[in-house]
Amino acid sequence: MAITTNVLATSNAVKLDAVTVSFISSFPGKLNHFLARRLPQSTTRRVQTSCCYRETSLKAVTLFEMPETETSSVSDGVEILRFLKGKNYLVTGAFGFLGKGKTKPKTGFSCCPSKLIFGLMFLFLFFVAVLIEKLLRVSPEIGKIFLLIKSADQESANRRLYDEIISSDLFKLLKKMHGSSYEAFMKSKLIPVTGDIGEDNLGIEPVTAAKISGEIDVIISCAGRTTFDDRYDFALNVNALGPGRLLSFGKGCKNLKLFLHFSTAYVTGKKEGTILETPLCIGENITSDLNIESELKLASEAVRKLHGSEEIKKLKELGMKRAQHYGWENTYTFTKAMGESVIHNQRGDLPVVIIRPSVIESSYKEPFPGWLQGIRMSDPIILAYGKGQISDFWGDYKSLMDIIPVDMVVNATIAAMAKHSRGVSELKVYNVTSSSHASPLRAGELMDLSHQHLCDSPFTETFMELERMKFHSSLEGFTSSAFNRIAKHERKVKNERGDAESHTALSMKGKRRLDYFVSLARTYEPYTFFQARFDDTNTKRLIQELSVEEGKMFEFDISGIDWEHYIVNVHLPGLKRELFKERSR
């Protein structure tokens, strides 16, 4: 796969001027790391410490209560609030395929790594929930949000809406805003529609389809199968063909102004150079050797031939084999690339926006700092490290850890949606990423910050002295180190029990633990050695088009992120809360 590369020089370089003084007050009595790591190496050096950092509480942001006159005066920007008022949406992917309660990953060692991290960060219901909250909070006069739900009947769909959205703590600001009328407000805005992205006409009853198609202004496509090594037949049906089905339905919506598709920054399959904000198209920047119909036939033939316990395993292996044959790392990103190509080929003159976020993590500010749902991309490593289970990993200390807070992805999405719903026929791609930042976060820095925080605020009640994470350049080196650590732990346990026998071989439990970590390392390898940077020119231009008021209300300027503050004071406390929440379930 050949994609033209282009070296970008970011215009958002951090400068040491009077503005940076505000950061110093965040950490009284000590040099702020945000400044220290940006000073020239000749004048300062980075000092690794285990200082106690002030943790931010789960404090909600101030409600936006703009006067009517001020709201109507936002005319020099994208006019986001004016656009949102009265618009109706069809949203897919808000509930996953089995429901939040059934798809939640385990945190034990028996869990498959690819499911544990839900195919990197692409747990769409996490993003969609925050998107719904923001839309309803800043624009109560929004129209209806139709939510496509795979459910047995309307009653179960209504129940899932209540259990997974209306009763969620994520919406506590809305509960405060509406008081006793909260549930009535939510039920008037959120309309569950039973259907399935994997079926023709989305599996929606004809009468229902005819009714809502006359009301929808924007379609937000977030549905997707997100496991890295998913069954090839299932991934093709949903990720490759699903967008085409949704696009076909959209063409029957007479008032449709925009089709917005939620993809991933890793969809191009590249690991080096600069990844541009360009649409994917077979025959242009995807090899013409790839034929989706042929892949469908290949998967169908495999299903016909395979039976029994080997079926799932072989279909997963087939997906990974085909992905790597064409230059992608896994089945997920490969089939998502096909889906983007389908949109490019079938959209006609329909305005389309594709949002490509990188690693979505906890919220930076909204609706409150550190909100997280589930254990995500970098979190399994941090959890295992914080519990003293690993102190090594396979990767490059200097590799780019391109993470992005979920609320910034939501804000960018809403801004792009408002800008492109004006009838102009174009396909626009937005990389909502952080690697083009003047000082992007590195994998080693993430683990150093985790070390500093966890030394003072550990995950476990029992004290343990954490070593700094060591990165191995080879899988063999990592495997050997992990083996020795597990073996040492088992010998210690045996000695404490008074067991005089000493074996070099691992127990069955130890072998399973080693297999887990090796499998986890293999899963992460494309990202722990990631050196590419994502071009975000379109995203930066969109920021510049916002009015001052819009910039404050819909913030997604990555250059404003203080990575140390975010990791130490926002994300890790949020991860800890999510961990304790899962333990109590």
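**Close-up views of a predicted model**

View 1. Ile355 has Tyr430 of β11 as its bridge partner. This is a predicted model, in which local features need pLDDT of at least 70 and side-chain atom pairs count only at pLDDT 80 or more, while totals for chains, interfaces and linings use all residues. Residues are numbered from 1 along each chain as its sequence is written, and side-chain values use heavy atoms, with hydrogens and water left out. Strand β7 (residues 352-357) and β11 pair in the parallel sense over 6 bridges; two strands pair if DSSP finds at least two bridges between them. Helices (H or I, at least four residues) and strands (E, at least two) are DSSP runs, numbered from the N terminus. Of the 6 residues of strand β11 (residues 427-432), 5 are buried, so β11 is largely enclosed by the rest of the structure. Buried means under 20% relative accessible area, with exposed over 50% and partly exposed in between (1.4 Å probe, protein chains only).

**View 2. The open sheet.** The order β3-β2-β1-β4-β5-β7-β11 describes an open sheet of 7 strands with parallel pairing. At its edges stand β3 (190-194) and β11, each with a single partner strand, so one side of each is left without a neighbour in the sheet. From one strand to the next, the twist averages 20 degrees.

**View 3. Strands β1 and β2, with helix α10.** Strand β1 (residues 89-92) pairs with strand β2 (residues 145-149) in the parallel sense over 3 bridges. Ile145 in β2 stands opposite Tyr89. Helix α10 (residues 182-189) lies across β2 and β3 and runs at about 50 degrees to β3. Axes are lines fitted to C-alpha atoms, for helices over the stretch in contact, and angles run from 0 to 180 degrees between N-to-C directions.

**View 4. Packing of helices α20 and α21.** The axes of helix α20 (residues 475-497) and helix α21 (residues 508-528) come within 10 Å, crossing at roughly 150 degrees. That makes α20 roughly antiparallel to α21, a description for angles over 145 degrees. Contact (heavy atoms within 4.5 Å) involves residues including Phe478, Phe483 and Ile486 of α20 and Leu514, Phe517 and Val518 of α21. The residues of this contact divide into 9 nonpolar, 2 polar and 3 charged. Here Ala, Val, Leu, Ile, Met, Phe, Trp, Tyr, Cys and Pro count as nonpolar, Asp, Glu, Lys and Arg as charged, and the others, Gly among them, as polar.

Definitions and conventions: Parallel < 35°, antiparallel > 145°, perpendicular 65-115°, else oblique.
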